[in-house]
Every structure is written in C-alpha cells, then in structure tokens.
Amino acid sequence: MRLPSGRLVRGRGLRRPLPEGPVPGYALHLLGRRPLPVEWEARWLRWPDFRLPTDRSEARRAFEEVWERSARERVEVACGGGRGRTGTALACLAVLDGVPAGQAVAYVRRHYRPGAVETPWQRRYVLRFGAGLR
C-alpha cells in the first residue's frame, strides 16, 4: 500500500504463499503466537485474531518502527489472513503518515483491501491511536 507520503508498505496474509518479487528487508508479524522464522529481519507483535494487540505501547513502538523503516527499505506487515490485524496496523501507519484517524480505515480499504479492519473495536483502536498523537 502506498501511503500519502509515497512510502510503500506491503500488507499480506501469512497463510498465503509469499508473493513474487523481492523479499522485504523487515517485517512486522501480528499473530497470537510466535510465527515461523523468515529469512529477513522480523518482529513479532502478540495480537490474537479478531482482537487488539496485547500490549498497546509495544504496538505503537512497532508501528513507528515500520513507518520509519519504510522510508528507506522494503517493509511488510502481515497477520494470518492479511485483513483485520494487518488492515488495522496499516490504518495506524496511515495516521502516522498524516491521514486523519477518522479517515484512516477508509483510506486502507480504498488503497489496500476492501473489508480491511474487520471489527468495531479495531476501528475504535485506530481512532484512539490517532488521538494519542496529539
């Protein structure tokens, strides 16, 4: 997904095969349990399916790191299906990139995947994430 600044972040589902093309230099994996190792640098953020991150402060730091690294290297954000948790994280990255929190979910659904950010509490999380930047 291209952020308004032009930074690129690949969102994907880990249950699907790795897409063709270059591998990322860095990945943030959003899963309820430790993911399988990958050949590139990766960070695990404990985040059960259909829920929210178990540590909100750690999530903010992880999103900030992805956003910063996306300026200079290939990065990806991935969960099991690539929709709810990944969409929520991408919406938070959009907020970090300047999209108003109230518009971030619509931005992700338009530029990444319709139906991303699956639950009402994930949508509220994005709004609260944005409120935390003021």
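Visitor: In strand β4, is V75 buried or exposed?
Guide: This is a predicted model. V75 sits in strand β4, residues 75-79. Buried means under 20% relative accessible area. V75 has 4%, so the residue is buried.

Visitor: Which residues does V75 contact, leaving aside neighbours within four places in sequence?
Guide: Set aside the neighbours within four places in sequence. Then V75 is in contact with L8, V9, R10, P24, Y26, V66, R69 and S70.

Visitor: How far apart are the C-alpha atoms of R10 and A27?
Guide: Along the chain, R10 and A27 are 17 residues apart. Their C-alpha atoms are separated by 9.1 Å.

Visitor: Now the helices. At what angle do the axes of α1 and α2 cross?
Guide: Helix α1 spans residues 56-69, and helix α2 spans residues 84-96. Their axes come within 10 Å. The crossing is right-handed. The angle is roughly 65°.

Visitor: Which residues make the contact, and how many of them are charged?
Guide: From α1 come F63, E64, V66 and W67. From α2 come A89, C92, L93 and L96. Seven residues of this contact are nonpolar and none is polar. The charged count is one.

Visitor: R85 lies in helix α2. Is R85 buried or exposed?
Guide: R85 touches L30, L31, G32, W47, P48, D49, C79, G80 and Q122, not counting residues up to four places away in sequence. Its relative accessibility is 5%. Buried means under 20%. At 5%, R85 therefore counts as buried.

Visitor: What does helix α4 reach from its first C-alpha to its last?
Guide: Helix α4 runs over residues 120-131, which is 12 residues. At 1.5 Å a residue, the expected value is 16 Å. The model comes close to that, at 17 Å.

Visitor: Why are the buried residues of α4 on the same side of the helix?
Guide: The buried residues in α4 are Q122, Y125, V126, F129 and G130. They lie on the same side of α4 because they cover an arc around the axis of only 135°.

Visitor: Which helices do the buried residues of α4 pack against?
Guide: Q122 is one of the buried residues of α4, and Q122 is also touched by R85. The buried residues of α4 pack against α1, α2 and α3 (101-111).

How values were computed. Residues numbered from 1 in each chain as written. Predicted model: local features only at pLDDT ≥ 70, side-chain atom pairs only at ≥ 80, totals over all residues. Heavy atoms only, no water. Axes fitted to C-alpha atoms, helices over the stretch in contact; angles between N-to-C directions. Helix = DSSP H or I, 4+ residues; strand = E, 2+ residues; numbered from the N terminus. Left-handed = near helix turned anticlockwise from the far one by under 90°. Contact = heavy atoms within 4.5 Å. Nonpolar A, V, L, I, M, F, W, Y, C, P; charged D, E, K, R; others polar. Expected span 1.5 Å × (residues − 1). Buried < 20%, exposed > 50% of the residue type's maximum accessible area, 1.4 Å probe, protein only. Arc of directions from axis to C-beta.
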